[in-house]
Amino acid sequence: MPELPEVETLARDLAPRLVGRSMAAVQLRRSSVLRYPDPEAFAARLLGRRIEGVGRRGKYLLHRLEGGELLVLHLGMSGQWRWGLPSEPEPTHLHLVLDLDDGGQLRYRDPRRFGRVLLGTEAELVAARCLPRLGPEPLDPTFTPALLQRRLAGRRAPLKAVLLDQRVVAGIGNIYADEACFVARLRPDRAAGSLGRAAIARLHAGLRQVLEAGIRSRGTSIADYRDAWGEIGHGQERLLVYGRAGEPCPRCGRPLASQRLAGRTTVFCRFCQR
DNA sequence: TTAAATTCCTGTAAGC
DNA sequence: TGCTTACAGGAATTTA
């Protein structure tokens with residue numbers, strides 16, 4: 001499940017390989033992964049265009065192109081964006097292939113097809129309702145405990161549900177939400193707006209801690225996530241609660257509980273998280 | 001405005 | 001062994 005650390009790893013790995021390269025050929029195998037614009041305009045606008053930068057916003061991977069347009073990928077649950085050579089065997093569920101001017105190739109593979117591809121200026125994509133108004137970046141220096149407090153103020157939905165809302169904070173998914181709540185010793189089912197100053201400070205620190213650890217681990221590979229070279233990340237070796245329902249709590253040793261919140265499986269400790 | 005439910009997809013694993 | 005069923009989940013969309 002590509003969340004902020006997984007997409008950040010992709011962006012950092014791909015930037016030195018892609019910056020300065022241009023698009024030599026475009027093969028859209030399954031047009032439904034392209035959400036904007038239509039396939040003809042997509043190929044016409046992409047062909048020959050040079051990549052000036054690779055970055056990330058929330059869970060979106062951004063390729064900045066000459067002329068100010070962005071090639072945007074959201075990997076959904078099972079999307080993979082891999083660099084390789086055209087001679088390598090093709091995987092199943094291959095939806096988009098981009099040949100580069102140095103002989104390299106970018107391949108978008110996505111078995112479950114929850115991912116999406118976009119091309120356009122940021123303003124154009126927002127106007128077309130293809131890019132939502134994302135909340136602040138949790139690793140940005142401007143993301144302070146005071147800002148987090150403002151984002152959660154007045155919210156009566158469960159903390160977990162609000163953390164997953166990309167308009168509140170960008171980039172957090174099910175794995176890192178559970179991990180952050182555990183590190184911050186906060187029950188994921190308490191009302192998001194009920195957190196006091198100390199709890200906010202713990203949540204702010206917890207979010208940063210688990211996201212930075214995720215990046216250092218080169219992402220978390222539960223099922224489908226792979227980096228740009230096809231390698232797995234190692235964050236799953238360090239998970240404290242995600243996927244560990246029934247196992248002993250790493251802090252108090254009592255069994256971890258599982259509950260469905262905001263439509264997602266949520267694992268936490270009933271005793272250490274308040 | 002907010003919150004909850006529904007929908008899209010397919011690989012995997014559990015159950016019979 | 002082979003079939004059916006439940007489950008995994010990000011976010012757009014719909015409903016309340």
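Where does alanine 262 lie? Alanine 262 sits in the loop between strand 10 (257–261) and strand 11 (264–268); helices (H or I, at least four residues) and strands (E, at least two) are DSSP runs, numbered from the N terminus. Before we go further, a word on the model and its numbering. This is a predicted model, in which local features need pLDDT of at least 70 and side-chain atom pairs count only at pLDDT 80 or more, while totals for chains, interfaces and linings use all residues. Residues are numbered from 1 along each chain as its sequence is written, and chains are lettered from A and ligands numbered from 1 in the order in which they are written.

## The protein chain as a whole

Chain A contains seven helices and eleven strands. Its radius of gyration is 20 Å, close to the 19 Å that the globule rule gives for 274 residues, so chain A is as compact as a globular protein of that length. Here the radius of gyration is taken over C-alpha atoms, and the globule rule is 2.2 Å times the number of residues to the power 0.38. Along the principal axes, the C-alpha atoms of chain A fill a box of roughly 55 × 35 × 30 Å.

Of the 274 residues, 38% count as buried. A residue is buried if 20 or more other C-beta atoms lie within 10 Å of its own, exposed if 12 or fewer, and partly exposed in between, with C-beta atoms placed from the backbone. Among contacts in chain A between residues at least 6 apart in sequence, 64% join residues at least 24 apart; two residues are in contact if their C-beta atoms, placed from the backbone, lie within 7 Å.

Chain A is divided into domain 1 (4–127) and domain 2 (145–268), with bounds that come from an automatic or database domain assignment. The centres of the two domains, taken over C-alpha atoms, are separated by 28 Å. Domain 1 brings 18 residues to the contact and domain 2 brings 19 residues. On the domain 1 side, helix 1 (4–18) and strand 6 (80–84) each supply at least two residues, and helix 1 gives the most, with eight residues. By class, this side of domain 1 has eight nonpolar, four polar and six charged residues. In this scheme Ala, Val, Leu, Ile, Met, Phe, Trp, Tyr, Cys and Pro count as nonpolar, Asp, Glu, Lys and Arg as charged, and the others, Gly among them, as polar.

The largest nonpolar core has 66 residues, of which Trp81, Ala180, Cys181 and Leu203 touch the most other members. Such a core is a set of buried Ala, Val, Leu, Ile, Met, Phe, Trp, Tyr and Cys residues joined through C-beta atoms within 7 Å. Helix 6 (residues 174–183) gives the most to this core, with seven residues. Domain 1 (4–127) and domain 2 (145–268) both give residues to the core, so it lies between them. Leaving aside neighbours within four places in sequence, leucine 203 is in contact with Leu148, Ala180, Ala184, Leu186 and Leu195.

## Around the DNA

DNA strand B is surrounded by Ser32, Pro111, Arg112, Arg113, Phe114, Arg155, Arg156, Ala157, Ala161 and Gly263. A residue is near a strand if its C-beta atom, placed from the backbone, lies within 6 Å of it. DNA strand C has 16 residues around it, the closest being Met1, Lys59, Gly173, Asn174 and Thr265.

## A few residues to look at

Arginine 113, one of the residues around DNA strand B, is in the loop between strand 8 (105–109) and strand 9 (116–120). Arginine 113 has a positive phi of about 60° although it is not a glycine. Alanine 262 also has a positive phi, of about 55°, and is not a glycine. With 18 C-beta neighbours inside 10 Å, alanine 262 counts as partly exposed.

A cis peptide bond joins tyrosine 36 and proline 37, with omega about -10°. Proline 37 is found in the loop between strand 2 (34–36) and helix 2 (39–46).

Glycine 171, in the loop between helix 5 (159–164) and helix 6, is buried, with 25 other C-beta atoms within 10 Å. Not counting residues up to four places away in sequence, glycine 171 touches Glu3, Leu4, Gly58, Lys59, Glu137 and Pro138.
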